Amino acid sequence: MAIGMVDMVQFAQDKKFTAFLLLLFLDLFMDGAESATQAEIERHIEMGGQYLATGQLSDALTHFHAAVEGDPSNYLTLFKRGTVYFALGKARNSLSDFSRVLELKPDFTTARAQRGVVHLKLGDFDKAELDFHKSLMEDPYNDDVNYLYSKVDPAREQWNSIENLIARGDHRTAIAFLTQLLEISPWSAKFRETRADCYINENDVLSAVSDLRSVNRLSQDSTGGYFRLAELLYNLGHTADALKEIRECLKLDPEHKDCFPFYKKLKKVEKALSDAQSYLDERQYEGCVESAEKVLKLESDIPMVIFSAKQLLCSCHVKDEQFTQAVTRCREALDIQKDPSVLCDRAEAYIGTEMYDDAIRDYQAAINIDEHLQRAKEGLERAKRLQKQSERRDYYKILNVKRSATKQEIVKAYRKAAQKWHPDNFQGDEKKIAEKKFIDIAAAKEVLTDPEKRQQFDNGEDPLDPEGGNNQYGGFRGGNPFHHFHHGSPFQFKFHFN
């Protein structure tokens, strides 16, 4: 059906009216949305202020950040966020916020003075001086700004003095001056890195490590710093810490030309060292030795890493009663560094080979390094007792068992020795020798199968020593050295004395 002229006019009017209503609705909606957004911004500002007042800086920062995102042109909110960044020690962020505030409101003197403080803490004396100068032009009687302004020139002169000291090679004095300067400019990566270099020149690597960690926190792109720090820690033999630092480098640049190849080697070395220590703790000495030897194959240049491997080899061989190998590995470790724990390990190895004079010397050397080392003190006393005991019977040697032998192994060795040296198996003079040996075998069993007596013997005391006052018969119950065979013994015999 054809539409008439009147209908066409009516249709057009309806369409315009619909469009008008739609535009009106959108306008009202946008006004409502803008009001809601502004309310939200004000709520964040209020919450941020509350958290700031109670010292909850991280929560305050979250709300101020949301408020700035809602209204980036609000210089007061930016200033508040910059103040929180400053309190958190986030120098770059606070500097950015204060600079943005001054772009929006150049006559905001408080923001300018605060930016000057950030520049001063960063060690940027020229910029700090400029901000303080402009602030004082607006507010010449501000005591705080005047005080800070007075610090700038002396700090600048001190830095010049430090550079001259370093040029002359006087790193020790430079360290003292840098320490003073860092009280004024604690956020200066340059000053901390310079002090780290001075510490390295003074062979105080641990102090250098502490400063370089601060440098990495202060720097925005610190891949080179993480690599340098990892190298220093690795050279100290702190492989686990070095691995953590090199991973931080790879987080910033997964294919870093220095960090990536170093990471691959470091990861292998640290795993081998960690495995060796785990095997040692679990008393799996063969695995311990194998893992420590692997470290020596991976690293042949860095002394302290080699020391760590040989220290483990020393301990593993001692625990495994491989005393000859232990003495060799302990000596190799001690050639790198005189470590009291290694000296104690070697002393244990010397005791195992009955070289008591050498054991006493090593324990004493360990005490000279660390006078509070209880292990060395107790070991020294034990070595002296064992030296004295060495003139008497060695019950382990009599039964031909290790000092770590179990009770079952001791009883088995006793039966074997008793059968071999049974007096009825011998005649004449040999019988007298067999009787003496049989008495020693019986004594060895008595001591080594009794936990209390065995502990006494391990501590250098012979519980059957007649001079020790244990009993009047040399330690045997009832004065009979063969009482062991009267109750349940498989060996029954009679003596025939001519």
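This is a predicted model: local features need pLDDT of at least 70, side-chain atom pairs count only at pLDDT 80 or more; totals for chains, interfaces and linings use all residues.
## The largest pocket

The largest pocket has a volume of about 580 Å³. Its lining consists of 16 residues, and those closest to the centre of the pocket are Val318, Lys319, Glu321, Arg403 and Ser404.

Two helices, H15 (303-319) and H17 (340-352), each supply at least two residues of this lining. The largest share, 3 residues, comes from H17. By class, the lining of the largest pocket comprises 9 charged, 5 nonpolar and 2 polar residues.

## The second largest pocket

A volume of about 270 Å³ is computed for the second largest pocket. Of the 15 residues that line this pocket, Gly89, Lys90, Ala91, Arg217 and Leu218 lie nearest its centre.

Three helices each supply at least two residues of the lining: H4 (91-104), H9 (189-201) and H10 (205-218). The lining of the second largest pocket divides into 6 nonpolar, 5 polar and 4 charged residues.

## Helices H14 and H15

Helix H14 (residues 285-298) packs against H15, with the axes coming within 9 Å and crossing at roughly 160°. Because angles over 145 degrees count as roughly antiparallel, H14 is roughly antiparallel to H15. The crossing of H14 past H15 is left-handed.

On the H14 side, the contact is made by Tyr285, Cys288, Val289, Ala292, Glu293, Val295 and Leu296. On the H15 side, the residues in contact are Val305, Ile306, Ala309, Lys310, Leu312, Leu313, Cys316, His317 and Lys319. In this contact, 12 residues are nonpolar, 3 are charged and 1 is polar.

## Helices H16 and H17

The axes of helix H16 (residues 323-336) and H17 are 9 Å apart, and the two helices pack at an angle of about 155°. This angle makes H16 roughly antiparallel to H17, since the limit for that description is an angle over 145 degrees. H16 passes H17 in a left-handed crossing.

From H16, the residues Phe323, Ala326, Val327, Cys330, Arg331, Ala333 and Leu334 take part in the contact. They meet Val342, Leu343, Asp345, Arg346, Glu348, Ala349, Tyr350 and Gly352 of H17. The contact of H16 with H17 contains 10 nonpolar, 4 charged and 1 polar residues. Besides packing against H16, helix H17 contributes to the lining of the largest pocket.

Definitions and conventions: Residues are numbered from 1 along each chain as its sequence is written. Side-chain values use heavy atoms; hydrogens and water are left out. On a 1 Å grid over the protein atoms alone, a cavity is a set of points where a 1.4 Å probe fits but cannot get out, and a pocket is an open set with protein on both sides within 12 Å along at least five of seven lines; lining residues have an atom within 4 Å of a point. Grid points are joined across faces, edges and corners, and a volume is the space filled by probe spheres set on the points. Helices (H or I, at least four residues) and strands (E, at least two) are DSSP runs, numbered from the N terminus. Ala, Val, Leu, Ile, Met, Phe, Trp, Tyr, Cys and Pro count as nonpolar, Asp, Glu, Lys and Arg as charged, and the others, Gly among them, as polar. Axes are lines fitted to C-alpha atoms, for helices over the stretch in contact, and angles run from 0 to 180 degrees between N-to-C directions. Angles under 35 degrees count as roughly parallel, over 145 as roughly antiparallel, 65 to 115 as roughly perpendicular and the rest as oblique. A crossing is left-handed if the near helix is turned anticlockwise from the far one by less than a right angle, and right-handed if clockwise. Contact means heavy atoms within 4.5 Å.
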